[in-house]
Amino acid sequence: MGEAGSVGAPTLDHLGFVGDDLDRLVGAMRRLGFATTTPRELQRESPSGGAPVSLHQSSCHAVLPQGYLEFSAVSTDDPAHHLAAYRARGTGLHILALGSVDPDGDWRRCRDAGLPCSEPAFASRAIEYGLRHGTARFRWFMLAPAAAPEGLLCFAHNLNPELVFQPEVSSHPNGAQALVEVMIQAPSTRELAPRFGALLGVAALPAPEPDGRAAPGGAEVLRFPLAGDACLTVLSPAAMRERFGAAAVGAAPVGRLAGLQLRVARLATTAACLREGGVPFEARGAELVVPAGEACGAVLSFRE
């Protein structure tokens, strides 16, 4: 990414794909070289200390040394479900979870910026992989769909990182090491800049023009630096095509979460894994690019 992420910014905690058929979703991700954990049901903890309540969402994960991917299916048609507005769009990259050391403080910042969001709450899931078993607990809140049309956008504080991030499940055939970028394809990048600036608490770094002007052809790019050398990038459709190629971007949605990049140990290992899985990809500069149509609706990029 060039320079380190902003110290005061949130981290890129995890990204989530949601589909109607979890087995099919997991199969597609394993073909891309991700090793996944056994699916488990997510639960919401009762504020009064009662028994946890099902969130009607089963998930498994591709845990990386830094960050993770979540793969989920929802078992209810309740329009009040927290994923209802997004799962109606079909299988895709629908969740952006930002890591927070102070979710209550982040909630106040979002509220004060006029971004409606849920009250901070506790959630949990059983961890039965690796050498440490137990209940992983999280404190989190999400923006209302009207404030985050790009996808479910939430802040999460992991209270048991030692349970979630275990080396026994952090090795992947494609060599993935870390989540380093999430991309939004937007009709107008500059319209999103104030909202995401308030949301993240950091200013965007415009590119490629330092004054924020669009490059020739309408290739607008805004980069929001996150902690841990990660970033959230907003790209116009022209910029997406310029970076990844028209064929790779063809199935990626506009106005939504549209791509992600992972750091890998060796691109040669990643390329060999993709070839073995029969996955088409293209080397573009320092990136290996898998088309959105081959990666559940999101452009998938790998870099060393």
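Tutor: Let us begin with a term: a polar contact is a pair of N or O atoms within 3.5 Å, where, within protein, one must be able to donate a hydrogen and the other to accept it, and residues adjacent in sequence count only if both atoms are side-chain atoms. Please keep in mind that this is a predicted model.

Student: Which residue has its backbone nitrogen 2.9 Å from a polar atom of the side chain of N158?

Tutor: N158 has its place in strand β8. A polar atom of its side chain lies 2.9 Å from a backbone nitrogen, and that nitrogen belongs to N160.

Student: Does N158 count as buried or exposed?

Tutor: Leaving aside neighbours within four places in sequence, N158 is in contact with R137, F138, V164 and F165. The word buried means under 20% relative accessible area. Because the relative accessibility of N158 is 13%, this residue counts as buried.

Student: In which sense do strands β1 and β4 pair?

Tutor: Strands of a sheet pair through backbone hydrogen bonds, either parallel or antiparallel. Here both strands belong to a closed barrel of eight strands with mixed pairing, running β1-β4-β3-β2-β6-β7-β8-β5. Between β1 (residues 11–18) and β4 (residues 68–74) there are five bridges, and the sense is parallel.

Student: What is the bridge partner of G16 in β4?

Tutor: Strand β4 (residues 68–74) is paired with β1, and helix α1 (residues 22–31), which packs on the sheet, touches β1, β3 and β4. Within β4, the bridge partner of G16 is E70.

Note on methods
Residues numbered from 1 in each chain as written. Predicted model: local features only at pLDDT ≥ 70, side-chain atom pairs only at ≥ 80, totals over all residues. Heavy atoms only, no water. Helix = DSSP H or I, 4+ residues; strand = E, 2+ residues; numbered from the N terminus. Buried < 20%, exposed > 50% of the residue type's maximum accessible area, 1.4 Å probe, protein only. Contact = heavy atoms within 4.5 Å. Pairing = 2+ DSSP bridges. Axes fitted to C-alpha atoms, helices over the stretch in contact; angles between N-to-C directions.
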